[in-house]
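Dear colleague,

I am passing on the structure below, together with some notes on what turned up when I went through it. Please read the notes with the coordinates open beside them.

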Amino acid sequence: MSKLAIDGGKPVRERKDFLVFGTPKIGEEEIAGVVDSMRRRWIGTGPKVGEFEQAFGAYKGSPYSVAVNSCTAALHLSILSLGIGPGDEVITTPMTFCSTVNSILHAGAKPVLADCDPVTFNIDPEKVGRKITKRTKAILPVHFAGHSCDMDALMRLARKHKLRIIEDCAHALETEYKGRKAGTFGDLGCFSFYATKNLTTAEGGMVTTTKKALADRIKRLALHGMSKDAWKRYSDSGYVHYDVVDLGYKYNMTDLQAAIGLPQLRALEENWKRRRLIWSRFQEAFFDLAVDLPAEAPAQERHAYHLYTPLIHKKFKRSRDWVLNALTAENIGAGVHYRALCDHPYYQKTLGWKRRDFPIAADIGDRTLSLPLSPAMIDKDVEDVITAFRKVMKA
Ligand SMILES: *Cc1c(COP(=O)(O)O)cnc(C)c1O
């Protein structure tokens, strides 16, 4: 095996070809769509946002979809729309992005963590059960990497204790569980269109729900709490006065973003197939390394293949951070999803979270890394990731 780049050897890729983690696949249709919006001079919230909401709802089989400017906004408004606030508790996982708990905190409620499963990295329903109190109002599961949570068990808990469910579907656009699409189990599903996600609008998000009252409230809160949206206000049907009927936010999506999202939605299946292929190449190529391979979804489920997250064995002679640095030296970008939330100083200080209370998430957070898994990767990129990861793990 050749000398590691971190030790001064020749890297697998040239420096100028550094493989950036999470590069989105952007086609000519996305570019033309943005240019079209610019030429029409309708760049704010307008007809394309409406069209994107319709198309997204049709894909998900969800009666109501509201586009917003991020998944963080989607989560925040979802919690508010259910009337959850000060004095209430929401149970979620320590193995997620910080914005999942930040949105609970922004709503004035208290996030309560239930540790995750060591194989799927998903919230463990049994541990959720132990965290339910009189103050618990909702469960906020995250379908990690696109692998569905155990929705039967979570829905049972919700029914038994009269809790709401808000699904964080930031990884789970294409995820299905027993024939049903992620984001349609709970009261609300929240999606992210951040640059690295399975569908991107640069920044953006969506809330799906089966309840019209929730959709109406979210739509209002996303635009200053105004009763009529700006698009209707200035359309050719004449001037319409608005009333401020709620204390809202500035969370609306723009037509420039929706113009990117529409062709991205049409390419969803093709991009999913490409990621599935890359994922299975990785599974074959890494079986003999000192890692636990990411869990495959059971046959009756559909994995969204958002992240490829091998878990480095405890006994491996090097740390995860060394592996990250060694990959970077080979000019392969990697990520970490995630260090457990209990490791962050803000939550330790304000909520008293400690590693020992969430031993599984803390351990995963120390040993996991994410290899590039983007439909924009050509075959040579995939082979370079394989060569580099094998080189680093076998050195
Ligand atoms: C990306 C992500 C978010 C936040 O999405 P934004 O659109 O960037 O606000 C929330 N939860 C999870 C699990 C994510 O991966």
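A search of the whole structure finds 31 salt bridges, a salt bridge being a side-chain nitrogen of Lys or Arg within 4 Å of a carboxyl oxygen of Asp or Glu. Before the details, please note that this is a predicted model, in which local features need pLDDT of at least 70 and side-chain atom pairs count only at pLDDT 80 or more, while totals for chains, interfaces and linings use all residues. Residues are numbered from 1 along each chain as its sequence is written, and side-chain values use heavy atoms, with hydrogens and water left out.

One of the salt bridges pairs K48 with D36, their closest N and O atoms being 2.8 Å apart. This pair links distant parts of the chain, since K48 belongs to helix α2 and D36 to helix α1, 12 residues apart; helices here are DSSP runs (H or I, at least four residues) and strands likewise (E, at least two), numbered from the N terminus. K48 counts as buried at 12% relative accessibility, whereas D36, at 26%, counts as partly exposed. The cut-offs are under 20% relative accessible area for buried, over 50% for exposed, and partly exposed in between, with a 1.4 Å probe and protein chains only.

Helix α1 (residues 28–40) deserves a description of its own. Its 13 residues should span 18 Å at 1.5 Å a residue, and the end C-alpha atoms are 18 Å apart, which agrees; the expected span is 1.5 Å times one less than the number of residues. The buried residues of α1 are E30, G33 and S37. They cover an arc of only 60° around the axis and therefore lie on the same side of α1, the arc being that of the directions from the helix axis to the C-beta atoms. These buried residues pack against α2 (47–60) and α9 (255–266), where contact means heavy atoms within 4.5 Å. The face turned away from the buried side carries the exposed residues E28 and R39, and just after the helix R41 takes a positive phi of about 65°.

I31 also lies in helix α1, and is partly exposed with a relative accessible area of 41%. Together with I26 and V35, I31 forms a nonpolar patch on the surface, with about 230 Å² of accessible area in total. Such a patch is made of residues with over 30% relative accessible area and no salt bridge, nonpolar side chains (Val, Leu, Ile, Met, Phe, Trp, Tyr) being joined within 5 Å and like charges within 9 Å; the areas come from the Shrake-Rupley method with a 1.4 Å probe.

R130 pairs with E126, with 3.3 Å between the closest N and O atoms; being 4 residues apart in helix α5 (residues 125–131), R130 and E126 are separated by about one helical turn, and both residues are exposed. The side chains of R320 and D321 meet at 2.8 Å, N to O, with R320 buried at a relative accessible area of 8% and D321 partly exposed at 42%. Elsewhere, salt bridges that share partners join R13, K380, D381 and D384 into one network.

Lastly, helix α14 (residues 379–394) has 16 residues and reaches 22 Å from its first C-alpha to its last, close to the 22 Å expected. Its buried residues include D381, D384, F389 and K391, and what covers the buried residues of α14 includes α10 (268–285), β10 (291–292), β12 (311–312) and α11 (320–329).
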